[in-house]
Amino acid sequence: MILQSDKPKEECAIFGIYNSKEAANFTYLGLYSMQHRGQESSGIVSTDGSHLYRYANMGLVANIFTQPKIKELIGDAAIGHNRYSTTGASFLRNAQPIRVESHLGPVALAHNGNLVNSWDIRNKLERDGSIFQTTIDSEVIVHLMAKSHKSDLLEALCESLAQVRGAYSLLVLTPRYLIAVRDPNGFRPLVMGKRSDGAIVFASETCAFDITETEYVRDVEPGEMVVIDHTGMRSLYPFPKAKPSLCIFEYIYFARPDSYIFEESVYKVRKSLGRQLARVMPVEADVIIPVPDSANIAALGYSEESGIPYQSGLVRSHYIGRTFIEPDQKIRDFGAKIKYNVVKEVVNGKRVVIIDDSVMRGTTSRKIIKMIRNAGAKEIHFRVSAPPTVAPCYYGIDIPTHKELIASTHTIEEIQKYLRVDSLAYLTLDTMHKAVEGHKGGGFCDACFTSNYPVEFQDHAGNQKSLFTEYATEE
């Protein structure tokens, strides 16, 4: 049995470090702390200034990188990647970082995000004779660099990125350079820090800084390219300016609550979402329980604002894999039961408020609600600390299609009936944005809630453009 999740799938994590004698070891630790962003494969590429050394495999960071493997990744600079597939199937050949040889020398690249015009570019490159080794969108960048007539690697990279569209936080490693780049809209996070030994560090989230004893310096800005070599560090802005479109789902679900991304505490925003939900969608109840773990902080905010006690009414197993052997004697709702269990003492005879951060298909939510009802709950009220998810994401999150999203095809009343709850309420769009009011980084992408996509995209077949309006500042 393959366990199906009713949550959007993790994206990817990237980590890079320059000028450290333990570059590969710190990269391993950084990737370990960001395992939540991708559990399919992991890889590290290091350099000693002459060569690039790569190792990648399928599975979790701690299982892939044994001490002997890390010792083989020599050098004082490295980049690493944890992957969950958004474009390209889950195979070893698709593990990142990618490493290639070209007229520019050896180049490695780690990418978080999704390029919305990659299929069109790939088709053109293949017609011109390019042979791809993977099925991931990131590979088009290195092919564009290899075909560039520019002799300077930085110029070739800028020329290549000018041709791609969509979301990318990138780390590029060569024997000379470590380069960090963020797309002009800034969809995906990328932070920069410095260790006491002088090493410069980049990561998707600041939780990777805590484990590597790195001090946060600042975010890599949207549209910025940070270049580091033996002469020092410099910052370039080679792309046309665009309106910021920071992924608000990072705050709602993806990032670890102890991280800072987009110059704000994830914990603070998540708690504010819960408080806002209690203000606009109150209910009389005896106990509040979260769907662990991603809804824990929002539930705490709801509890503090409403005055209703917070309890851990659902216990989640943290040791499950993707595949299970189900007993011959079939167990009802086996997938949900192996992941969650109800604390009967918390819910029996109580009016229960369940807080979750999102509902995709609704199948797992329905099973959890049934388990809580069977444990003796008198009433069940379901509250979601985000608006209804009505549209898929094309910028690096694996959200189901319109047809699979329950809120895209059903009304609130129909969803309530399907879930079999006494009441159902979502956070409104305006109220969600109130939780991030005063944010320094500017605007957010909320396309999964509104279908208003900030960058025009193609479907996965690459043969049909969707006619969404771009910002005037983009080219």
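Strand β12, residues 225-229, pairs with β13 in the antiparallel sense over 5 bridges. Within this pairing, Met225 faces Leu236 of β13. The model is a predicted one.

These two strands belong to an open sheet of 6 strands. The order runs β5-β6-β7-β8-β12-β13, and the pairing is antiparallel. β5 (98-102) and β13 (232-236) stand at the edges. Each has a single partner strand, so one side of each is left without a neighbour in the sheet. From one strand to the next, the twist averages 20°.

Two helices pack on the sheet. Helix α5, residues 139-147, touches β5, β6 (105-115) and β7 (166-173). The direction of α5 makes about 140° with that of β6. Helix α6, residues 153-161, touches β6, β7, β8 (178-182), β12 and β13. The direction of α6 makes about 20° with that of β8.

Now turn to a helix pair. Helix α9 (residues 266-280) packs with helix α10 (residues 296-306) at an angle of about 45°. Their axes are 7 Å apart. α9 and α10 are therefore oblique to each other, and their crossing is right-handed.

Which residues in α9 and α10 meet? The α9 side brings Tyr267, Arg270, Lys271, Gly274, Arg275, Leu277, Ala278 and Arg279. In α10 they meet Ile297, Ala298, Leu300, Gly301, Tyr302, Glu304, Glu305 and Ser306. By class, the contact of α9 with α10 holds 7 nonpolar, 3 polar and 6 charged residues.

How values were computed. Residues numbered from 1 in each chain as written. Predicted model: local features only at pLDDT ≥ 70, side-chain atom pairs only at ≥ 80, totals over all residues. Heavy atoms only, no water. Pairing = 2+ DSSP bridges. Helix = DSSP H or I, 4+ residues; strand = E, 2+ residues; numbered from the N terminus. Axes fitted to C-alpha atoms, helices over the stretch in contact; angles between N-to-C directions. Contact = heavy atoms within 4.5 Å. Parallel < 35°, antiparallel > 145°, perpendicular 65-115°, else oblique. Left-handed = near helix turned anticlockwise from the far one by under 90°. Nonpolar A, V, L, I, M, F, W, Y, C, P; charged D, E, K, R; others polar.
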